[in-house]
Amino acid sequence: MDAESEAGSGHHAGGPVRAAVVVGALGVVFGDIGTSPIYTLQTVFNPEDPHPVPVSTGNVYGVVSLIFWSVMIIVTLTYVSLVMRVSNDGEGGVMALIAMLRRWGGADKRRIAGMLALAGLFGAALFFGDSMITPAISVLSAVEGIKIVQPGLHDLVVPLTAVIIVLLFSFQRRGTAAVGRLFGPIMIAWFVAIGTLGVVGIGHHPQILRALSPTYAIGFLSGHFAIAFFSLAAIVLAVTGAEALYADMGHFGRRAITRGWLLLVLPACVLSYLGQGALILEDRSAVSSPFFLLAPGWARLPMVLLATAATVIAAQAVITGAYSVANQAAQLGYLPRVRIAHTSESEIGQIYVPWINWLLMISVLTLVFAFRSSAALAYAYGMAVVATITITATLFFYLARKRWRAPKWLIVAGASVLISLDLLFLAANLTKIAHGAWLPLLIGLTAFTVMTTWQRGRQLVTRERARAEGSLRTFIDQLRDRKPPLTRVPGTAVFLNRGKQTAPLALRANVDHNHALHQQILIVSVETSPVPHLRGARRIQVDDLGYAGDGIIYVTVRFGYMDTPDVPSALRLLKPAQTEGSISLDKASYYLSKIELTRGSAPTMAQWRKRLFIATSYITADAAEFLGLPRDRTVIMGSRIEV
């Protein structure tokens with residue numbers, strides 16, 4: 001499976017893992033899961049919870065044991081050991097799994113693959129909800145530490161959180177590499193600090209190490225199921241960020257993320273949970289804020305400052321993942337193409353998406369001012385995480401069976417254990433629907449509706465365009481048989497088209513109005529392949545459309561879904577023998593057809609979905625800019641289509 005999925009994975013295939021890449025991954029990928037110790041145990045034992053967990057010796061051992069084994073099974077086993085081995089040419093995340101389902105969903109299994117792809121799309125939609133909630137709860141939980149140091153500063157928590165979030169999102173344009181270089185050393189200091197404090201706490205009550213035995217987790221679930229079941233809704237907070245590890249895999253590679261997790265992040269988090277459990281056993285009043293109270297008095301203010309920096313990095317993990325998911329969704333046709341800035345010349349997966357960045361910032365600020373505390377947001381947080389984890393695991397096992405032919409008994413055994421655990425967490429979070437878990441579901445459902453509506457609308461527009469454009473072959477035949485023949489003018493014209501079946505509207509309009517053709521005509525369609533990157537000759541395919549020597553050729557230009565489309569650069573790969581003579585791309589004119597969408601009366605979609613589709617189309621990036629066309633030599637010709 002590993003060799004199959006990672007073959008040709010671009011910049012992460014083979015070779016040693018550089019320490020700088022691991023440090024960068026620590027600064028971008030692990031912020032979310034690495035800051036979970038701040039609020040997980042505090043939330044489990046929150047007395048204001050609608051289903052509170054009583055503080056007792058047995059419950060503390062059971063909860064700490066459940067946290068440890070949940071992290072080991074969901075993060076270390078499911079994600080790091082299994083799911084992250086499945087990459088789409090180096091890229092990870094739910095959208096990469098959807099791309100693989102689309103590529104490998106044969107006729108006999110297309111219906112099942114299609115249903116799973118829809119489930120995966122909902123998982124991607126939930127990840128957008130996670131990307132909004134994580135920055136809010138993470139930064140709030142850290143800044144709330146100032147109440148432990150100085151209770152009189154309570155009123156400053158929300159304003160300080162808002163300022164930090166605005167600064168974080170404003171810094172995104174600098175790129176992932178710059179963010180990683182800045183944040184990596186901070187996260188190393190963070191993990192060393194929380195691990196050290198955990199060791200100190202364990203030293204005061206070393207019996208807490210017994211919680212590493214699974215018997216305590218199993219005993220807590222079986223002996224006190226009514227309490228343990230509801231506690232799972234908070235325990236799942238310990239694995240928040242697992243999906244970000246997978247979604248960010250294209251930025252740093254699986255091996256760098258795996259090493260960072262196993263060598264530093266996992267040990268530090270486990271020691272912190274054990275230390276907090278030991279503290280609660282010594283002083284039950286410490287449940288109010290066990291993370292910060294684990295530090296001695298003199299170290300609490302520095303820990304608040306370090307925690308604030310670390311939670312900013314937690315936000316970074318999901319922000320980076322959201323960029324990647326949005327880009328892949330646009331390339332696969334689930335969202336309109338938006339402006340994307342690649343922020344690294346050496347790491348192709350490192351991108352910045354301005355529209356997503358500012359949408360997330362507004363959403364995060366809204367959540368901060370609406371909920372005003374991490375405790376209030378905690379009820380909402382787990383739902384998006386566990387639903388995405390469940391969907392990801394399901395897609396993984398399907399692909400493992402259908403694509404890599406893993407033994408059926410192994411798939412059934414593995415899926416039964418891992419997905420059953422995920423479903424248990426999901427059921428526990430469903431009990432929090434009325435207390436805030438509705439929020440990520442609402443965000444996810446909204447994003448899912450936008451993506452499925454955009455996909456359906458694109459299908460309708462494509463069909464209407466095909467009707468208006470007519471057959472390309474027939475059009476070429478008509479040009480050849482035309483009497484008198486059209487005047488041919490010097491130069492090269494490039495007409496962008498959707499595919500080989502239909503004639504470009506701009507070319508038809510040019511013939512009808514100008515009664516002339518350029519000496520060299522390239523009809524170019526741009527396709528997105530379900531692989532992240534394509535190189536060299538694989539990008540270009542040429543067809544003379546049945547007539548050699550007429551100066552009209554059809555060129556298919558292919559890009560990977562993580563590539564930045566650049567049509568002029570791709571056309572430079574053409575050789576004179578392919579283009580029926582030399583072409584002058586430096587002076588070529590580029591022609592685009594611009595479509596104005598209007599709402600029609602045909603029952604193709606519900607009227608509200610038509611309005612949503614047209615409204616979504618307004619955020620589409622400029623086609624000339626998106627395709628890398630020279631602005632001063634691009635001609636745009638308009639037409640209107642009803643949906």
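Helices α12 (225-235) and α20 (residues 408-430) pack at an angle of about 90°, with their axes 8 Å apart. Axes here are lines fitted to C-alpha atoms, for helices over the stretch in contact, and angles run from 0 to 180 degrees between N-to-C directions. The two helices are therefore roughly perpendicular to each other; angles under 35 degrees count as roughly parallel, over 145 as roughly antiparallel, 65 to 115 as roughly perpendicular and the rest as oblique. From α12, the contact draws on F225, F229, L232, A233 and I235, and from α20 on L424, F425, A427, A428 and N429. By class, these residues are 9 nonpolar, 1 polar and no charged. Ala, Val, Leu, Ile, Met, Phe, Trp, Tyr, Cys and Pro count as nonpolar, Asp, Glu, Lys and Arg as charged, and the others, Gly among them, as polar. Contact means heavy atoms within 4.5 Å.

The model is predicted: local features need pLDDT of at least 70, side-chain atom pairs count only at pLDDT 80 or more, and totals for chains, interfaces and linings use all residues. Residues are numbered from 1 along each chain as its sequence is written, and side-chain values use heavy atoms, with hydrogens and water left out. Helices (H or I, at least four residues) and strands (E, at least two) are DSSP runs, numbered from the N terminus.

Within α12, the buried residues are A228, F229, S231, L232, A233, A234 and I235. Buried means under 20% relative accessible area, exposed over 50%, and partly exposed in between (1.4 Å probe, protein chains only). These buried residues of α12 pack against α4 (40-44), α5, α11 (214-223) and α20.

The α20 side of the arrangement has its own buried set: I411, G414, A415, L418, I419, D422, F425, L426, A428 and N429. An α-helix has 3.6 residues a turn, so residues three or four places apart point the same way. The cover over the buried residues of α20 includes α5, α12 and α19 (374-402). As for length, the 23 residues of α20 should span 33 Å at 1.5 Å a residue, and the end C-alpha atoms are 31 Å apart, which agrees. The expected span of a helix is 1.5 Å times one less than its number of residues.

Helix α5 (residues 57-82) also packs with helix α15 (residues 254-282), at an angle of about 170° and with the axes 9 Å apart. That makes α5 roughly antiparallel to α15. On the α5 side the contact comprises T57, V60, Y61, V64, I67, F68, V71, M72, V75, T76 and V80, which meet T258, W261, L262, L266, V270, Y273, L274, G277, I280 and L281 in α15. The residues of this contact divide into 17 nonpolar, 4 polar and no charged.

A further helix pair is α21 (residues 438-469) and α25 (residues 607-617), packed at about 90° with axes 9 Å apart. That makes α21 roughly perpendicular to α25. T449, V450, T452, T453, W454, R456, G457, R458 and V461 of α21 make the contact with W608, R609, L612, F613, T616 and S617 of α25. This contact has 6 nonpolar, 6 polar and 3 charged residues.

Some single residues complete the tour. V304 lies in helix α17 (residues 300-331) and is buried, with a relative accessible area of 2%. Not counting residues up to four places away in sequence, V304 touches A142, G145, I146, V149 and F292. R372 sits in the loop between α18 (354-371) and α19. Although not a glycine, R372 has a positive phi of about 65°, and at 48% relative accessibility R372 counts as partly exposed.

Q520 belongs to strand β4 (residues 516-529) and counts as buried at 11% relative accessibility. Beyond residues up to four places away in sequence, Q520 touches G491, T492, A493, G551, T579, E580, G581, S582 and I583. K594, in strand β7 (residues 589-598), is exposed, with a relative accessible area of 56%. Leaving aside neighbours within four places in sequence, K594 is in contact with I636, M637, G638 and S639. K594 and I636 are 42 residues apart along the chain, and their C-alpha atoms are separated by 6.4 Å.
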